[in-house]
Amino acid sequence: MCNLACFFIETFGCQMNVYDSEKLAGILSELGYLPTNDVSQASIVVLNTCCIRNTAENKVLGRIGELKKLKDKNREILIILVGCMIQQEDKAKELLKKHSFIDIFIGTKNLNKLSAIIKNTLQDKKNEKHSEKIFVEPFSINNDYIEQITTPAYRTSFPNAWVNIISGCNNFCSYCIVPYVRGREKSIHPDIIYAEVVSLLEKGYKEITLLGQNVNSYGNDSLEGWNFNELLIRLAKINMKYRLRFMTSNPKDLTPEIISTVREYNNISKHIHLPLQSGSNRILQLMNRKYTYEDYYDLTKKIKKIPDVAITTDIMVGFPTETEEDFLDTLRAVEDIKFHNAFMFVYSARTGTQASKMPQLPNKIKKERITRLVGMQNGISQNISQKYIGKTYEVLIEDTIKGSNKVCGRTDNGRLVSMAGERELIGKFVNVNIITTKGSSLIGEIEND
Ligand code: 5AD
Ligand code: SF4
């Protein structure tokens, strides 16, 4: 029960949004609100939306329906929609028309103004004055980017912390809406990142994940010539026990130097998330990915020279004009490379992107292909997990498993492990002997030393 004014934030979509929500929570805390996990207790409800695929958008639309009931019960609640879906102004207008009970719509570019917008709206409500509801500034195609929110993030994921190093994207893959809703690439100064990482480690965080749509192009927009490899080395040299991770790597920009750095530094996690998208060169070209399957395959061969490394990926099926032959190329790629894990998606047309203007495939074909792909990858992930049995790995304990006396964590290369253990273990590194598997996750026992 919140005796004080509380806020509730629900996040849709990617890790980037999770990080943004932590920043938004920081802003709301500064305004004097407390976080709650119970939406019915909140006086401010924020939905941080995602529009990368239609499944993400549908989830947001479903939740809006539920919020209407909440607002009917309590007219005082402030309901705010923010993020990528709102950055498309037409969509914000359409949502407002349909759901006039929503109080504020803020696109990605205006997120740093959340505090001022809330204050104004509350003041206007008090004075029974009409207030502006939609705050969306369009990005220009050339050099516009999101201003960083300088308020410290309100973090909820101990012992893991996410640190944004570059926002936006310059790649314009033909299917993707991100460059339109997040603007151009903007790198954060390495000194700011360094200071944030050190401060998190001093607070006891044990795993830092550097975030960006394409971390490898970090620094390309700076005049001082920073680059991702130098940033990684600088952070890896911090003399404290922790794990350094990063995502996402674009295959066209992952350099041999970065691969060597990952190999060389013990505290850099041996995990590379490297979206393939398709195994067909014809489709990769239509996607504007700027690499061939052969380039990608060579890259995985180089990465696999790192002992115990895991490569994970994103794959899409049903891109416009994808033939059975193209799809078989993707299946062959999955069979050949043997990803530890894959996020697998059905292509969905995004308004304004190049691919949305190409001939679209029927849903039936897309569904059939995703089922075949998921079936194949699940088998591969499970086979890989079998190879962990009988070996000992260092695991960072991240959480308890509800309703049991078990805890879970991850190996250095990102495999999920569960085992008997107490809450006090959260944030500790323990050696775990892997006993068996469940699906693709591992079940182990903590070794006593
Ligand atoms: N349809 C389906 N999947 C998409 N992705 C990006 N845009 C789309 C789209 N229009 C997937 C890509 C990307 C991941 C984050 O989301 O695989 O790597
Ligand atoms: Fe989208 Fe391509 Fe940029 Fe990734 S690299 S965010 S898929 S445009």
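**Exercise 1. Work out how helices α7 and α8 pack against each other.**

Step 1: In this predicted model, helix α7 covers residues 190-202 and helix α8 covers residues 228-236. Helices here are DSSP runs (H or I) of at least four residues, and strands are E runs of at least two, numbered from the N terminus.

Step 2: The two helices pack at an angle of about 30°, and their axes are 11 Å apart. Each axis is a line fitted to C-alpha atoms, for helices over the stretch in contact, with angles from 0 to 180 degrees between N-to-C directions.

Step 3: Angles under 35 degrees count as roughly parallel, so α7 is roughly parallel to α8.

Residues are numbered from 1 along each chain as its sequence is written, while chains are lettered from A and ligands numbered from 1 in the order in which they are written. Local features need pLDDT of at least 70, side-chain atom pairs count only at pLDDT 80 or more, totals for chains, interfaces and linings use all residues, and side-chain values use heavy atoms, leaving out hydrogens and water.

**Exercise 2. Decide whether G32 is buried or exposed.**

Step 1: Find G32 in the loop between α1 (15-30) and β2 (34-35).

Step 2: Its relative accessible area is 52%. Buried means under 20%, exposed over 50%, and partly exposed in between (1.4 Å probe, protein chains only), so G32 is exposed.

**Exercise 3. Sort the shell around ligand 2 by residue class.**

Step 1: List the neighbours, with a heavy atom within 4 Å; among them are C169, F172, Q213 and R289.

Step 2: The shell divides into seven nonpolar, three polar and one charged.

Methods:
Ala, Val, Leu, Ile, Met, Phe, Trp, Tyr, Cys and Pro count as nonpolar, Asp, Glu, Lys and Arg as charged, and the others, Gly among them, as polar. Angles under 35 degrees count as roughly parallel, over 145 as roughly antiparallel, 65 to 115 as roughly perpendicular and the rest as oblique.
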